[in-house]
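User: I am new to reading protein models and would like to learn how features are read from one. Could you take me through an example step by step?

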Amino acid sequence: MENGLKNLDEVVVLDSFKNIKSDYDLSLRAYYFAELINKNIEDGNEDIKIFKLFKKCLEILDKRALSIDVATLFFEIQLLKELGYFPELPLNPQISDVIKKLLKVDFKDLDKNAVQSTGTFIKNHIYSNLNESFKSLEL
């Protein structure tokens, strides 16, 4: 052991996320999740809740348990909540309803148009708070 670093002797893959690796759209979305985390967590800081959220959302993508758009919106809303950037709920009741359901991890009866509007609202909120561009969204 040099400089306080330990050597790994053995590694076991618990989940390879093979569906994400074989699907371009899923890969881009996973990359976007990683970018959001990378731009919001300082190097060296551990945040177990955000790691668990990331893992859960990768599992959702890999199993295709939700549509890509709903999985992304779920990740964005939960991440904003964990980081303390959660937006005030908009006056639009459809958007507010989608946000409330996703905060409660309730994926039932989500209207596709409301999900799309909510996605636009949340992305605008993210961009206005971070003032960053995301390579994953440019590909």
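This is a predicted model: local features need pLDDT of at least 70, side-chain atom pairs count only at pLDDT 80 or more; totals for chains, interfaces and linings use all residues.

User: How many residues does helix 3 have, and what span does it reach?

Analyst: Helices are DSSP runs of H or I with at least four residues, numbered from the N terminus, and the expected span is 1.5 Å times one less than the number of residues. Helix 3 (residues 48-63) has 16 residues and reaches 22 Å from its first C-alpha to its last, which is close to the expected 22 Å.

User: Which residues of helix 3 are buried, and what do they pack against?

Analyst: A residue is buried under 20% relative accessible area, exposed over 50% and partly exposed in between, using a 1.4 Å probe and protein chains only. In helix 3 the buried residues include Ile50, Leu53, Phe54 and Cys57, and the buried residues of this helix pack against helix 1 (18-22), helix 2 (24-40) and helix 4, where contact means heavy atoms within 4.5 Å.

User: Which residue follows helix 3, and what is its phi?

Analyst: Most residues other than glycine have a negative phi. Helix 3 is followed by Arg64, whose phi is positive, near 55°, and Arg64 counts as partly exposed because its relative accessibility is 46%. Phe17, in the segment before helix 1, also has a positive phi, of about 50°, although it is not a glycine.

User: Is Phe17 buried or exposed, and why?

Analyst: Phe17 is buried because its relative accessible area is 17%.

User: Which residues line the second largest pocket?

Analyst: On a 1 Å grid over the protein atoms alone, a pocket is an open set of points where a 1.4 Å probe fits, with protein on both sides within 12 Å along at least five of seven lines, and lining residues have an atom within 4 Å of a point. The second largest pocket is lined by Leu14, Asp15, Phe17, Phe51, Phe54, Lys55, Leu58 and Glu59.

User: Where is Thr72, and which residues does it touch?

Analyst: Thr72 is in helix 4 (residues 68-83), and, not counting residues up to four places away in sequence, Thr72 touches Arg29, Tyr32, Phe33 and Lys123. Thr72 counts as buried because its relative accessibility is 2%.

Technical notes
Residues are numbered from 1 along each chain as its sequence is written. Side-chain values use heavy atoms; hydrogens and water are left out. Helices (H or I, at least four residues) and strands (E, at least two) are DSSP runs, numbered from the N terminus.
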